[in-house]
Amino acid sequence: MQEIFGLIKEKAEKLFADGSVNRVLGWKKGETEYDRIPSVFESAEELEEFVYDGFCAANLSKYLIRESREDGKIAVLLKPCDSYSFNQLVKEHRIKRDNIYAIGIDCDGKLDIDKIKAAGVKAIQSIEENGSEVIVHTLYGDKKFNRQDVLLERCLCCKGKDHVSGDEFILAQNRVDTTVKDRFEDVRKLEAMTPDERFEFWRSELSKCIRCNACRNVCPACNCIKCVFDNEDSGVAAKANVDTFEENMFHIIRAFHVAGRCTDCGECSRVCPQHIPLHLLNRKFIKDIDELYGEFKAGADTETKGPLTDYRTGDAEPSLISDRGGSN
Amino acid sequence: MHRIGVFVCWCGTNIAATVDVKAVAEAARKEPGVVFATDYQYMCSEAGQALIRQAIKDNALTGVVICSCSPRMHEATFRKTVQAAGLNPYMLEIANIREQCSWIHKDIKEGTEKAIILARTAIAKVMLNKPLTAGESAVTKRALVIGGGIAGIQSALDIAEAGYEVDIVEKQPTIGGKMTQIDKTFPTLDCAACILTPKMVDAAQNEKIKIFSYSQVEEVKGFVGSFKAKIRKKARFVDENLCTGCGDCTSKCPSKKNKNEFNLGLDNRPAIYIPFAQAVPKVAVIDAEACIKKKTGKCGLCEKVCSAGAIKYDQQDEIIEREYGAIVVATGFNPIKLDKYDEYAYSQSPDVVTSLELERLMNAAGPTQGTLLRPSDGTHPHTIVFIQCVGSRCDDARGKSYCSKICCMYTAKHAMLIREKYPDTDVHVFYIDVRTPGKNFDEFYRRAVEQYGVDYIKGMVGKVIPHDGKLLVQGSDLISNEQVKIDADMVVLAAAIEPDPTARSVATMLTASIDTNDFFTEAHPKLRPVESPTAGVFLSGVCQGPKDIPETVAQASACAAKVIGLLAKDKLLSNPCVARADESLCSGCSVCQNVCPYGAITYEDREFRIPGPKRSEIRRVAQVNEAVCQGCGACTVACPSGAMDLKGFSTKQIMAEVDAICR
């Protein structure tokens, strides 16, 4: 990614220089070697802090809800999967497309620091990405990883390396396909469980939730002016999981709210400090929607009505649900 | 401060036999906010309503709960009652303790317990009710009739007679429907064409009636009083205004071997044809799939012979948009397909026919010019077996569970006519029951048996076996308890009737409901039989259930009376229970607009104050057009942020109801 890092930075500087944008939305280095923070750069000088590497996993599209309402034009860097969220936000009129210059950038899969740490790596000083290798330099010496082994789960079932939107694209010469896994594989495992087993699985996962709201805050589909969980009138507003009902239901309600709109960007699971596999809830919905209404990719374009908000006479009858064993 | 009154109805013994009404009133009185509770034998009676009015005045009630029958029955009645006593009519809630309680429980303890919960639920809701005021909407003084059979024609004629415009949309090239194919009609045996064709002509000549033949309704939007329909007028490749119906083209057309739909495929017609001599409009139509010119570009004979210059090979489908105040559904029926009844050899022998095919074989305009001849060899049949209930009253998945109602009578008619015209023919009828209720109907059937000597055999046929040009019919005679074998020349199957296949799509388009057999559902099976539950949509003829011609015509006129009643109004009160968007919560995501079946939601850019140096921002927010919204609530559940709410059925009210049930 080093080659395109230079190209992106050059492009950003050029955009500042010719005045076509007054801000660039990208990433900068955080406190640690693997912490990358979404950041708005307001001048070419500020771009000194700009970084693009294997840890720039954050989906920047949601920041545009606020940023595209500011004066002037902003350039945004979109990885292929982010471009779906971007389209979805355009479709929902949540971002002002005219105020944005979207640059599609290449991605060879993003790294999962938890997988690296799980291999017993401590005291990381720097991380070097070298083609198919990731070399972690620590106080106790170097540790080498095969890049594929330390990718985020979502990158192992990557939606593809093509952008679905963008004004310009900066792509690597040799593009890497990281897909090794069917993204519904884990959903099928859940479906194969008995209702009791499945309940137990989710009960134990969801009970880990500390209601930090990170999943909601990062989710590009969770973009309401005021979340129902923060709306005192709704009767469900609360900050902490005061009872088991809430810890169970928060995520399920959230999954319902984003159903048909979720692009499976995987940010919810990536940011969860408790490592709850939240993306599985969304993927179950996506799989069901695909099966009931035909394959649908939220954010593939900016016009198509989502299957859950579009009635067609050929749609599956509700009885189909019980035929599928929905009564369980 | 709430002052709620609760009124518990006995409904005679309908409720009181299974629910301790006094206990319900007693329990309701203890609910917070309730200041008055009582029970009465018939709350909907004048005395009952007077009791409610008096209690409202005496106790200065702010809200009323009536524990009675379904709100579909008497909500409107009680709204008027509370309004007469000075309350807003929407400060009323009905707890349905009849259909949802007393009628489905046997145990008085259980029933009472549930009735108390239902009362409590309604009390919880009424506490959150707000006074609502109904708006007004205009009425377009024109009706749309979907289907131009006898039902549609009769409804249209009656509506036009009252002075309102009517459009008939018929998918076939001519109006007239199934009745045009029938030879004689029971119980008077007058010829169908003789009584139908004058009506068809009346419809065509009536200046208030516009006929769109060979057309289909593609889309209906709007609501009662103000529907907007898109009608697709299919290209018939003949200019309707120029064609004189002379028939020169049809006799010259070289593509002659096409199944004649009018004679149910028993003979052929040319690619350009007029369905039958009395067709209305009497205009030719080109069957593009059979036309040599349309297929190969060569031929053009019809164009050459047409002195009126009416042939237009390049004619395109036309979309017509029209507005209507009311819609009549008259989509009719078809006999079922008999491919699943192979035991009767329908697909194996041309001499096994359906009753409707027999009508064509006996009709003077039919393929045999009215002489009954066997389709296989054109000889006169001497033994004919009729089999009743083919697919009717059927308990397996092949057929229909219902009685098709018309078969007993038309079979008696067929048997009688055959015996009358061909006395040397033996006629046997296998039946499960003979059902002949109706004026002069049983007398008619008895005449077939007693005067014409038709052999009625109680029992069903197991198998029909074609052999040596004959049909061996094996059946059972349940009265003499023996097996019967008859060597027949022809077998006639009384196929069940089913709603036209378009019924389902029409119902979907109109958001009108249909039952499991695809018959349209009426608003009330006894008291509102010609209205659909969807306001402004009315039902005429067999689309609502099996009917013979007299019943169809009666229902068609009843339906017209309802339409006239609606069109006679200048304004309609609209339902105030409509959606409202909370602008402070709305993100402008368009989800509600996507799901709104009425197109009631638009968006506006509004300025909102926000914290920070910018002080305000422009946001796109949803606006509900209250005149168009029908209060279906689809938007309220689709809205991710809960910005949409339904007046009279707010999320808070519904949650309060749920809480009250769970308490």
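In chain A, 17 residues of domain 1 are in contact with 23 residues of domain 3, where contact means heavy atoms within 4.5 Å. The structure is a predicted model, in which local features need pLDDT of at least 70 and side-chain atom pairs count only at pLDDT 80 or more, while totals for chains, interfaces and linings use all residues. Residues are numbered from 1 along each chain as its sequence is written, chains are lettered from A and ligands numbered from 1 in the order in which they are written, and side-chain values use heavy atoms, with hydrogens and water left out.

## Two domains of chain A

Let us look at where these domains sit. Chain A is assigned domain 1 (2–110 + 160–170), domain 2 (113–150) and domain 3 (185–323); such bounds come from an automatic or database domain assignment. The C-alpha centres of domain 1 and domain 3 of chain A are 27 Å apart. Between them, these two domains of chain A bury about 1500 Å², and 50% of that is on carbon and sulfur atoms. On the domain 1 side, A:Lys62, A:Tyr84 and A:Lys91 lose the most area to domain 3 of chain A, together 38% of what that side buries. Buried area here is the accessible area (1.4 Å probe) that two parts lose on being put together, summed over both.

How many salt bridges are counted between domain 1 and domain 3 of chain A? The count is one. A salt bridge is a side-chain nitrogen of Lys or Arg within 4 Å of a carboxyl oxygen of Asp or Glu.

## Salt bridges

Side chains of opposite charge can pair when their charged atoms come close. Over all chains, the count comes to 67 salt bridges.

| Pair | N to O distance |
|---|---|
| A:Arg261 and A:Glu92 | 2.8 Å |
| A:Arg283 and A:Glu153 | 3.2 Å |
| B:Asp287 and B:Arg269 | 2.8 Å |

Take the pair A:Arg283 and A:Glu153, which forms a salt bridge. A:Arg283 belongs to helix H11 (residues 279–293) of chain A and A:Glu153 to helix H5 (residues 153–156) of chain A, so this pair ties together parts that are 130 residues apart in sequence. Helices (H or I, at least four residues) and strands (E, at least two) are DSSP runs, numbered from the N terminus.

Is A:Arg283 buried or exposed? A:Arg283 is buried, because its relative accessible area is 1%. The cut-offs are under 20% relative accessible area for buried, over 50% for exposed, and partly exposed in between (1.4 Å probe, protein chains only).

In chain B, the salt bridge of B:Asp287 with B:Arg269 links distant parts of the chain: B:Asp287 is in the loop between strand S16 (285–286) and helix H9 (292–296) of chain B, and B:Arg269 is in strand S14 (residues 268–269) of chain B, 18 residues apart. B:Asp287 is buried, with a relative accessible area of 18%, and B:Arg269 is buried as well, at 5%.

A further salt bridge joins the side chains of A:Arg312 and A:Asp310, with 2.9 Å from N to O. A:Arg312 is exposed, with a relative accessible area of 52%, whereas A:Asp310 is buried, at 15%.

## Where the chains meet

Now for the two chains together. In chain A, 21 residues are in contact with 21 residues of chain B. Chain A and chain B bury about 1700 Å² between them, with 55% of it on carbon and sulfur atoms. The number of salt bridges counted between chain A and chain B is zero.

## Chain B and its surface

Chain B contains 18 helices and 34 strands. The C-alpha atoms of chain B fill a box of roughly 90 × 70 × 40 Å along the principal axes. Of the 663 residues in chain B, 55% are buried. The C-alpha centres of domain 1 and domain 4 of chain B lie 56 Å apart.

Which residues of chain B make a nonpolar surface patch of about 240 Å²? The patch is made by B:Phe649, B:Ile654 and B:Val658. Patches are made of residues with over 30% relative accessible area and no salt bridge, with like charges joined within 9 Å and nonpolar side chains (Val, Leu, Ile, Met, Phe, Trp, Tyr) within 5 Å. Accessible areas come from the Shrake-Rupley method with a 1.4 Å probe, and for residues only the protein chains shown count as cover. B:Phe649 lies in the loop between strand S34 (644–646) and helix H18 (651–662) of chain B. B:Phe649 counts as partly exposed because its relative accessibility is 41%.
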